[in-house]
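Please open the model in your viewer and keep the sequence panel beside it. The stops below say what to select next and what is to be found there.

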Amino acid sequence: MTNAVRAGRAPAGTTTSDGAAGRSRRPGPGTRVTGWLVLAVAGFLLPTLLGGSTRIYTTCVLVAIFAMMSYGADVVLSYLGEVSLGHTLFWAAGAYATAYFTVKSGWGPLPSLLVSLAIAALLALLVGLATLRTREFVFSLVTYATAIIGLTVVSNVGGLGGSDGIVGVPLLTLPAIGGSYVARTDVDIWPIAYVLLVVVIFFIARFRRSRLGANALMTQMNPGLATTMGVDVRRTRVLVFVVSAPISALAGWLYAFQRSYVSPDLLSASFLLFMLTAVILPGRRQLLGPLIGAALITAQQQLASFGGDVDKIVLGGVLALVLLVSPNGFAGLGRLLVRRRHPAAEASPAATAAADE
Amino acid sequence: MILAQLVNGLALGAGYALLAVGWTVLLGAARLVNFAHGQLYMIGAFLTFLVITKAGLPYLAAIPVAVVAVAVLGGIMQLLMRRLTLDQNIVSLMLVTLAFGYLLEGGGSLLFGGNPQVIDSPFQNAGMSIGSARFTGQDLLIVILAFALYGVTWFVLGRTNIGRLVRGVAEDPKLAQLYGIDAAKVYLGVFVFSAACAALAGAVVAPRSPILTSIGFDQLVITFLVVVLAGIGYLTGGLFVGLGLGVFTAFFGAYVSPAYSTAAAFAVLLVVLIVRPQGLTAR
């Protein structure tokens, strides 16, 4: 049992730093694929390895859901370099669309998933077009504005349940060989949550290597240069936004089933702060960063909670502290330590990557 | 009816303008942002309440106590953010102040509890009227203070040596430092001023309705609206847009739907940004 965890951790470190630095010694493709597979299997078995209690399963399911939610914000924050304060809108859109179509229209989980993703993408397209010419804080303010319009709408529209939300989301039932798979408890939801999380991480890994990902980074670092190189900066910004939204909506879809109700609190500042902290805490532009961040915050809130108000202080305090001490998160902190100890080591990218662990 | 809504709207709008003056200066003069502005307003309101109820001071004496305390709090925040400010790292500054706001809200709930409280202001009980429009002494106080504060700020920024220092740093922090201006001190001063304004707004606007620790969020939302609609950092624009927004909210609330007035204001903001991204009053 312990061996499986250890075996899973070693490749995790190498692959993360590999993705972060991009220039370090790359293990062969075979080793990397094997490493990822071992990590994936170990991750799936994690709740069992941690004791397999219902509480552990719930925590793991929530980590997966919140990590997916945070990956949506990560795409915009890490690669476009803009702070979207509107991603709770897409997350809530996914959850609300799911609850609305399953409860009020009696749809199945899969059609409601497709509609959720489509609605989120459409909203993102509208927000993206509205913010086309805004940058930095104006962009953040306007994305925040859209989330507030969303909050007002869901709190007041009768069909969406007003401040009570929509209750009684049916059990998540998926077609399976020999009948159907019904997710009655978090233990049953875990395989679904885990597979979706892996799919999202795989998608993010592809995005990082895609033309759009490269264009987004260039747009962030030097918009002038990007334009000179033939990158349509505005188009890139809207596209990245549209790509990011369904990721958060996917998390919302699953959350509606996991919690079996939706309410306007999905649009509250706590989910917003959660996703931003999950990205910032481990350091931006780390493939597994949002997952690690979400795991740390969820573990604290689920297993070591001090009550709502103190949890607010913890979340706000951690985010502020990380940004003030090391704006690049844990990754930056590691680099800072190496630089203090061996000033020469900074020159070698491999050493920098090693410090990330 | 129309006159009543107009008077109501102007009082509301003067409150919005009073709240936004700190952010306007922050953005225009220092390119700084502070997402904890609404929470500073909330702390200002609750400190005013505490000083009146616990220390037994009269309302007018409680205001300066709350303003000074929040100014000190703002000073501490800016000292912590000093490096990020000097680097002009806007993304990190936005996130840090957002985190500070959340921290203040959690701390506020712990300290002040979750029950709505009422600030006992003598002006709130003084009823006045013009024709059919009724308003309170508190409304009058807010309008007078808003105009006075905008006037003083406009004068200090535009006509004095302090204003020249601030404008110099706003223009180019690095170059200003070459000329011997201590940019860190200027940023500190601007931030403390902004925090004090938020607390002042909290102390005079909040007595109009019961206060909760969650009000900071709503106030932040209003600040955004005023500042972005006016065009980033335009001082006189802030005053007029604040007043206009108050009148808009009052009329929309009276004739269409009070529940959707904030959303409607934001919808206006979205339209304005698409048509005129630089804001309404900016050149």
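Is A:F330 buried, partly exposed or exposed? At 40% relative accessibility, A:F330 counts as partly exposed, because that class lies between buried, under 20% relative accessible area, and exposed, over 50% (1.4 Å probe, protein chains only).

Before going further, note that this is a predicted model, in which local features need pLDDT of at least 70 and side-chain atom pairs count only at pLDDT 80 or more, while totals for chains, interfaces and linings use all residues. Residues are numbered from 1 along each chain as its sequence is written, chains are lettered from A and ligands numbered from 1 in the order in which they are written, and side-chain values use heavy atoms, with hydrogens and water left out.

**Stop one: chain A as a whole**

Select chain A, whose secondary structure comes to 15 helices and 4 strands; helices (H or I, at least four residues) and strands (E, at least two) are DSSP runs, numbered from the N terminus. Of the 357 residues in chain A, 51% are buried. The accessible surface of the chain comes to about 15,200 Å², with 65% of it belonging to carbon and sulfur atoms, as given by the Shrake-Rupley method with a 1.4 Å probe, where for residues only the protein chains shown count as cover.

**Stop three: the interface with chain B**

Show chain B as well, and you will find 42 residues of chain A in contact (heavy atoms within 4.5 Å) with 43 residues of chain B. The two chains bury about 3,800 Å² between them, 80% of it on carbon and sulfur atoms, where buried area is the accessible area (1.4 Å probe) that two parts lose on being put together, summed over both. On the side of chain A, select A:F137, A:L141 and A:L324, which lose the most area to chain B and together account for 18% of what that side buries.

Across this interface the rule finds 1 salt bridge, a salt bridge being a side-chain nitrogen of Lys or Arg within 4 Å of a carboxyl oxygen of Asp or Glu. Select A:K312 and B:E105, whose side chains meet at 3.5 Å, N to O; the pair crosses from helix α13 of chain A to helix α5 (residues 90-112) of chain B, and both residues are buried.

**Stop four: a salt bridge within chain A**

Finally, select A:R237 and A:E82, whose side chains meet in a salt bridge (2.9 Å, N to O). This pair links distant parts of the chain, 155 residues apart, with A:R237 in helix α10 (residues 233-259) and A:E82 in the loop between α3 (54-80) and α4 (87-104) of chain A. A:R237 is buried, with a relative accessible area of 8%, and A:E82, at 2% relative accessibility, also counts as buried.
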